[in-house]
Amino acid sequence: MGTDRVATFEAELEGVSTVHRTAAADFEETLAGAIVEPAVGTDIPTEDVSLADTPVETAPSPADVLAAETGVTPAGLGVANYGTITLPASEEPREVVSLYCTRHVAVLAESDLVADMPAAYDRLSEDFAAGTDTQILATGPSSTADMGELLRGVHGPHETHVVVVTDR
């Protein structure tokens, strides 16, 4: 069932974002293929996946963020049939890291990928009840067509990648 969700998620993001599948043991190698240095990021809240042994600066200064090509953050949830991820509010600078860099790489556990928006609302209501009451829903890079032509990266990243960790 999880593999079907990942396939649906990949299909929804085709031409919009790049999806990388990986096992936790291969995370660092997969991440290396998704980032462009210099890279900044925030901690990934899990025991088996970490940015500690990667070239990602996890305590970035404002100058580090401005100079970075890539921002790496955890995703709270993925919605397969929308190709959407959520970025929960936190005390870490996740929003800045995900929006200011040219490339955003979101790390998502396959177990946090739900089929559709009703399932996402069920999970989000749990987060809201627990006090995480602000989440960004992102589908691909920032874009706008306000000026008649689709422009990407106007209000955020130009490129997005999602690393789906399949054994979590």
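Arg103 is found in strand E7 of this predicted model. Is Arg103 buried or exposed? Its relative accessible area is 13%, and because the cut-off for buried is under 20%, Arg103 counts as buried. The side chain of Arg103 comes to 2.7 Å from the backbone oxygen of Ala34. Leaving aside residues up to four places away in sequence, Arg103 touches Ala34, Ile35 and Val36, as well as Glu69, Thr70, Gly71, Pro157, Glu159 and His161.

Strand E7 belongs to an open, parallel sheet of six strands, ordered E1-E12-E7-E4-E2-E3. Strands E1 (18–22) and E3 (56–57) stand at the edges with a single partner strand each, so one side of each has no neighbour in the sheet. The partner of E1 is strand E12 (residues 159–165), joined to E1 by five bridges in the parallel sense; within this pair, Arg21 is bridged to Val164. Helix H2 (residues 27–34) lies across E1, E3, E4, E7 and E12, and runs at about 170° to E12.

Strand E6 (residues 84–88) pairs antiparallel with strand E5 (residues 77–79) over three bridges, with Thr86 as the bridge partner of Leu77. Four residues lie between the strands of this hairpin, where Gly83 takes a positive phi near 65°. E6 is also joined to strand E9 (residues 135–138) by four antiparallel bridges, and Pro88 has Gln135 as its bridge partner there.

How values were computed. Residues are numbered from 1 along each chain as its sequence is written. This is a predicted model: local features need pLDDT of at least 70, side-chain atom pairs count only at pLDDT 80 or more; totals for chains, interfaces and linings use all residues. Side-chain values use heavy atoms; hydrogens and water are left out. Two strands pair if DSSP finds at least two bridges between them. Helices (H or I, at least four residues) and strands (E, at least two) are DSSP runs, numbered from the N terminus. Contact means heavy atoms within 4.5 Å. Axes are lines fitted to C-alpha atoms, for helices over the stretch in contact, and angles run from 0 to 180 degrees between N-to-C directions. Buried means under 20% relative accessible area, exposed over 50%, partly exposed in between (1.4 Å probe, protein chains only). A polar contact is a pair of N or O atoms within 3.5 Å; within protein, one must be able to donate a hydrogen and the other to accept it, and residues adjacent in sequence count only if both atoms are side-chain atoms.
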